[in-house]
Amino acid sequence: MIDYFLTEEEQMIKELARKIAEEKIFPKREYYDETQEFPWDIVKVMAESDLFRIFIPEEYEGLGGGVMALTLAVEELSRGCAGIALAFAGTALGTFPIILFGNEEQKKKYLPRVASGEVVAFALTEADAGSDAGNIKTRAIKDGDHYVLNGTKQFITNGGEAGIYVVIALTNPEKGARGASAFIVEKGTPGFSFGKKENKLGIRASATRELIFQDCRVPAENLLGREGMGFIIAMKTFDYSRPGVAAQALGIAQAAIEEAARYAKQRVQFGVPIANFQAIQHMLADMAMKLEAARALTYQVARNIDKGNTKISKESAMVKCLASDVAMEAALNAVQIFGGYGYMKEYPVEKLLRDAKITQIYEGTNQIMRNIIASQLLKEVK
Amino acid sequence: MNIVVCIKQVPDTQDVQMDPERGTLIREGVKSIVNPFDLYAIEEGLRIKERTGKGRVVVMTMGPPQAEEALREAIAMGADHGILISDRAFAGADTLATSYTLAKSIEKLGSPWIIICGKQAMDGDTAQVGPELATWLNFPQITYVSRIIDIGDDRIKVERLTDYGYDIVESSLPCVITVNKEINEPRIPSLRGMMKAKKFKAEVWDSSSVEVDQRYIGLDGSPTRVVSIFAPPVKKGGEKYHGEPEELARHIARKLEEMKII
């Protein structure tokens, strides 16, 4: 076992998240996967156990743990269920813009609420703005001491369930991406409603929903940073949140390896456990190697972020891309090792495969990740 | 007013090794946990405090110095205070000597409102300490409590689970209750609780700080003698037969004959 030299606090967070996964998530994950209900009872347990405090600075009722703490928690929760873990991880994604760019009043108002367990969402994606995020159409027009928002956000994690939303909208469409701004919008604001809830392949315990803004008046004091900073805020947020997606992938891969190895030792074919066959052993060995490599890089990048390293876009993209590819491969192999049983819902690995897929897609597709990595790399090499 | 919860540290394993000579469990190398039933007792103590806004949850355990770890877990869940009753003189106690020592410790602590125990420990499985504790203290006792219906300063009304159904019982306070797993779902400790627990140092009471009659403590105070101790034989998988009842009956009769049972 590799020692990652976790601090006492980090060890505590990891143990706690594992306990929640094993005692609370394991027994309920099938139910939530089936019903697509939002796992409020488990979110409540996470909140009561202070998990939402770990990435919030201490002066706002948090425990000040940072990205490494978040990574450990998301990994352990995702080993239980990546969909349920996303209620938590998505909240961190939505909260980073406030932590990084919020002014004192905004932090004082919202961060203690998150610390005590209020779910948050981050809203950038639209129907015609996925990888091409600069193509968003949602408008925010200044009107006195308010901004008036109009438009529709799509595929928003925690949509409908979150109480706090960070929404990217155009304040100056002529400037394109440089004309975008970020706003904090609270659930219940007149003109803010929810549209279609998506029926998904995986992470079905997570709510993915449309946000609809129709002449929604948001107080001007809810603008994060300054007008025009919307994209910088979004990109910086992703630098911080992508290790969280990597962590989710690590949890899925870990579960896939554990399930596959356990099954291989039990399943007898040709008179011996299939774990005796080299074909199976080599698959397991590959899964284990790649997972450990992805984990080591993810932890290292998370620690870099916590140490204040700000030039981290390339590395954040790397861990998200690497870990999600590893998770996808591990889940595929796990299903293969289970054979016909792996294809059946009675066994846990088909869900891992369905859940793994999204980690290659959201918070930037792995193609976009490779673009980020390559473009930075080409700049660095003279 | 003290909400006293008595807990026990037990080995965390289903197949404990035994020392057949001494008639005791081998504890070395086995991870220790809080007796699972006692987690329900701690949780109920915390809930009484939360629902009434009154009382102080004091967790007590008798055991070797490392039993402090069990108290720490209770502190992480939210208990206010933990007392470790520990002394070589207390060692070797059976349930009678244990309950006597706990009773004397509760008298030393003072102002008990309610005393909560898990219904039994999963190592000894005797379910005796709770009832004996009530007897030593001369308090009423209600065993196998599955729900507290109402609790006031000096009355409690509970539901208890029995083999034939539920009893609704009322008692004066203080009293001793033992709780089963129906009563609640123990909480996951919070991070802040865990951090508090990390720093926690138990108050340790020994045989000089608790007023005890030496004849009733430790091995000397324990009338129980373990005659022998053994692991039950491992059950073999057995065989399954499928078919019509008559055919199966014949088959089984033949088998029994072969085994010279009939």
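Guide: Helices (H or I, at least four residues) and strands (E, at least two) are DSSP runs, numbered from the N terminus. The model is predicted: local features need pLDDT of at least 70, side-chain atom pairs count only at pLDDT 80 or more, and totals for chains, interfaces and linings use all residues. Residues are numbered from 1 along each chain as its sequence is written, and chains are lettered from A, ligands numbered from 1, in the order in which they are written.

Visitor: Where in chain A does Phe270(A) lie?

Guide: Phe270(A) is not a glycine, yet has a positive phi of about 55 degrees. Phe270(A) has 8 other C-beta atoms within 10 Å and is exposed (12 or fewer; buried takes 20 or more, partly exposed is in between, and C-beta atoms are placed from the backbone). Its place in chain A is the loop between β9 (268–269) and β10 (272–273).

Visitor: Is Phe5(A) buried or exposed?

Guide: Phe5(A), also not a glycine, has a positive phi of about 50 degrees. It is placed in the segment before α1 (8–25) of chain A. Because 9 C-beta neighbours lie inside 10 Å, Phe5(A) counts as exposed.

Visitor: Which residue does a cis peptide bond join to Leu173(B)?

Guide: Most peptide bonds are trans. Here omega is about 0 degrees, and the proline concerned is in the loop between β11 (165–172) and β12 (176–179) of chain B. The cis bond joins Leu173(B) to Pro174(B).

Visitor: How many helices and strands does chain A have, and what is its radius of gyration?

Guide: Chain A has 11 helices and 10 strands. The globule rule (2.2 Å times the number of residues to the power 0.38, with the radius taken over C-alpha atoms) gives 21 Å for 382 residues, and the chain comes close to it, so it is as compact as a globular protein of that length. The radius of gyration of chain A is 21 Å.

Visitor: What share of chain A counts as buried?

Guide: Along the principal axes, the C-alpha atoms of chain A fill a box of roughly 80 × 55 × 40 Å. Among contacts (C-beta atoms, placed from the backbone, within 7 Å) between residues at least 6 apart in sequence, 75% join residues at least 24 apart. Of its 382 residues, the buried share is 53%.

Visitor: Is α7(A) roughly parallel to α9(A), or roughly antiparallel?

Guide: Helix α7 (residues 230–266) and helix α9 (residues 313–338) of chain A pack with their axes 8 Å apart, at an angle of about 20 degrees (axes are lines fitted to C-alpha atoms over the stretch in contact, and angles run from 0 to 180 degrees between N-to-C directions). Angles under 35 degrees count as roughly parallel, over 145 as roughly antiparallel, 65 to 115 as roughly perpendicular and the rest as oblique. That makes α7(A), relative to α9(A), roughly parallel.

Visitor: What hand has the crossing of α3(B) and α4(B)?

Guide: Helix α3 (residues 95–109) and helix α4 (residues 129–137) of chain B have axes 8 Å apart at an angle of about 50 degrees, which makes α3(B) oblique to α4(B). Residues of α3(B), including Tyr100(B) and Leu102(B), meet residues of α4(B), including Leu133(B) and Trp136(B). A crossing is left-handed if the near helix is turned anticlockwise from the far one by less than a right angle, and right-handed if clockwise. This crossing is right-handed.

Conventions: Contact = placed C-beta atoms within 7 Å.
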